[in-house]
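Subject: Structure for you to look at

Hello,

Here is the structure I said I would pass on. Please open it first, and then read the notes below alongside it.

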Amino acid sequence: AETKLLDLTRASKIMFVLQIGSTSETVSCNADLTDPNIADKAILLQYSLNGGITWHVIAQHQPKDFVHAQRISYNVPLEARVKGVQLRWWQPRHNGPGRDQWALDHVEVVLTRKQNYMMNFSRQHTLRHYYSRRRRSLRRNL
């Protein structure tokens, strides 16, 4: 799974839900946890600053740790807090088509608290009005 180009200049976190296989090991949802090479079948969260030419790893997710859906949160790396960033979730090694299924859901990019505060502040007319009046009174006293 790969995103389009994103503007992460004000981003603080990447959040998502991930599940790899399942405990029931059905035909449609499986990841063989008894496979001796299971550690090689991790799902990587990566970012690219150059349109997907090179990728940098943020985290890796082992199948044995995600047989149940889990919500995960990571800080956006400082070098990725720019415009034109792509994110991807990638499994470089797997057992072929119909094997090692995984699911990704509820992907979110969370803005910094300061930005969230500022966005909330601008919606509150009464506070904005109060601060405008306060600024005018300060100007008169100067």
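Which side chain of opposite charge is nearest to Arg-88, and how many Å away is it? It is Glu-2, at 4.5 Å. Arg-88 is buried and has no salt bridge. The reason is the cut-off: a salt bridge needs a side-chain nitrogen of Lys or Arg within 4 Å of a carboxyl oxygen of Asp or Glu. Please keep in mind that this is a predicted model.

Arg-88 sits in strand β6, which covers residues 83–90. Its side chain does have a polar contact, at 2.6 Å, with the side chain of Gln-46. Beyond its neighbours within four places in sequence, Arg-88 is in contact with Ala-1, Glu-2, Leu-44, Leu-45, Gln-46 and Trp-55.

Next, the start of the chain. Thr-3 belongs to the segment before β1 (6–7). Thr-3 and Val-85 are 82 residues apart along the chain, but their C-alpha atoms are separated by 8.7 Å. If residues up to four places away in sequence are not counted, Thr-3 touches Val-85, Gln-86, Leu-87 and Trp-89.

Now the salt bridges. The structure holds two of them.

- Arg-71 and Glu-108: their side chains meet with N and O 2.1 Å apart. This pair links distant parts of the chain, since Arg-71 is in strand β5 and Glu-108 in strand β7, 37 residues apart. Arg-71 is partly exposed, at 42% relative accessible area, and Glu-108 is also partly exposed, at 36%.
- Lys-64 and Asp-65: the closest N and O atoms are 3.2 Å apart. Lys-64 counts as exposed because its relative accessibility is 55%, and the cut-off for exposed is over 50%. Asp-65, with a relative accessible area of 38%, is partly exposed.

Strand β2 (residues 11–20) is joined to β7 by eight bridges.

One last item in β7 is His-106. Its phi is near 50°, which is a positive value in a residue other than glycine.

Regards

Key
Residues numbered from 1 in each chain as written. Predicted model: local features only at pLDDT ≥ 70, side-chain atom pairs only at ≥ 80, totals over all residues. Heavy atoms only, no water. Helix = DSSP H or I, 4+ residues; strand = E, 2+ residues; numbered from the N terminus. Buried < 20%, exposed > 50% of the residue type's maximum accessible area, 1.4 Å probe, protein only. Lys, Arg positive; Asp, Glu negative; His and termini not counted. Polar contact = N/O pair within 3.5 Å; in protein donor to acceptor, adjacent residues only side chain to side chain. Contact = heavy atoms within 4.5 Å. Pairing = 2+ DSSP bridges.
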